[in-house]
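This report describes one protein chain for a reader who is new to structural work. Please keep the sequence and the three-dimensional view at hand while reading.

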Amino acid sequence: MLFSACGRQPEVIDNHYSLEECKHELLEAEDYEGDEGIDLIVVEKKKRTMYLYKNNTVQSTIPISLGKNPIGPKEQKGDNKTPEGTFWISRKLCSPKYYRSLCISYPREEDKKRAAKKGVSPGGNITIHAQPTWNADGEGDSYTLAHNWTQGCVAVTNDAMKQLWYAVREGVPIIIR
C-alpha cells in the first residue's frame, strides 16, 4: 500500500505531537485514500496481530500491543483489558499524546448493562493508537511491540498508524477477539 505521509517522522513539540498536519487532513478530507480502503479490521489478541481486510481478503497484517491485562474482555474502567466483540471505527482523532488514533465504539449497550449489574463503569475512550512521543522516531518499536502496555487500547507503530489513517474510514467494522 502507498501512503501520503510515509517516510516523514511525526513532529514533537514540548513532549506533544504537533496536531497541525493531522487537523489539516481532517478539515480538508485528506485523511483517506479510497483506492487503499480497508473494509474490515480483525484483532487477534492471542496472536497480538491486526488483520486489515478488503473484499474478504487480507491486505495487510500489523503487530500490536494491548492493554496491560490482555486476557479476557474488558469488564470495567481501569482493568487494563482490551474489549472483545464487534465494534466500528467511530471517529478519527489527532492525539498530542499518541500521534493519531482511531476511536472504537466501546462501550456498546451490552457492555454498559454488564457493568451496571456489577455497579461499575464500563470505561471508554478505547482506540487504536500509535506510539507515545518518546518513540516518535520508531527507535523503540521493538520494545513497545514486545509488551502489552496500554490501558485497554490497541497500539500500533506510528508507521502502521499512517497506513491505517489513510486506509480506514469512520464506520469500518472492527472485530476484537
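The sections below treat the basis of the model, the overall fold, the cysteines, the aromatic pairs and one tryptophan.

## Basis of the model

The model is predicted: local features need pLDDT of at least 70, side-chain atom pairs count only at pLDDT 80 or more, and totals for chains, interfaces and linings use all residues. Residues are numbered from 1 along each chain as its sequence is written, and side-chain values use heavy atoms, with hydrogens and water left out.

## Overall fold

The chain has four helices and 10 strands. Helices (H or I, at least four residues) and strands (E, at least two) are DSSP runs, numbered from the N terminus. In sequence order, the pattern reads β-β-α-β-β-β-β-β-α-β-α-β-α-β. The radius of gyration is 16 Å, close to the 16 Å that the globule rule gives for 177 residues, so the chain is as compact as a globular protein of that length. This radius is taken over C-alpha atoms, and the globule rule is 2.2 Å times the number of residues to the power 0.38. The C-alpha trace spans about 45 × 40 × 30 Å along its principal axes.

Of the 177 residues, 49% count as buried. Buried means under 20% relative accessible area, exposed means over 50%, and partly exposed lies in between (1.4 Å probe, protein chains only). Contact means heavy atoms within 4.5 Å. Among contacts between residues at least 6 apart in sequence, 67% join residues at least 24 apart.

## The cysteines

The structure holds one disulfide, a term for a pair of cysteine sulfur atoms within 2.5 Å. This bond joins Cys22 to Cys94, with an S to S distance of 2.1 Å. The angle about the S-S bond is -90 degrees, and the link is left-handed. Cys22 belongs to helix 1 (residues 20-27) and Cys94 to strand 6 (residues 85-95), so that distant parts of the chain, 72 residues apart, are linked. Both Cys22 and Cys94 are buried.

Cys103 is buried at a relative accessible area of 11%, and Cys153 is buried at 10%.

## Aromatic pairs

The structure holds four aromatic pairs. Rings of Phe, Tyr and Trp (its six-membered ring) pair if their centres lie within 6.5 Å; planes under 30 degrees apart count as stacked, over 60 as edge-to-face and the rest as tilted. In one of the pairs, the ring centres of Tyr17 and Tyr99 are 5.4 Å apart and the planes meet at 50 degrees, so this pair is tilted. Tyr17 lies in strand 2 (residues 16-17) and Tyr99 in strand 7 (residues 99-104), so the pair ties together parts 82 residues apart in sequence. Both Tyr17 and Tyr99 are buried.

Trp134 and Tyr143 form an edge-to-face pair, 6.5 Å centre to centre with 65 degrees between the planes. Trp134 is exposed, with a relative accessible area of 53%.

Trp165 is found in helix 4 (residues 158-167). Is Trp165 buried or exposed? Trp165 is buried, with a relative accessible area of 0%. Leaving aside neighbours within four places in sequence, the residues in contact with Trp165 include Cys22, Leu26, Lys92 and Arg100.

Lys92 lies over the face of Trp165, at 5.1 Å from the ring centre. A charge sits over a ring if NZ of Lys or CZ of Arg is within 6 Å of the ring centre and within 35 degrees of the ring normal. Along the chain Trp165 and Lys92 are 73 residues apart, while their C-alpha atoms are separated by 7.9 Å.
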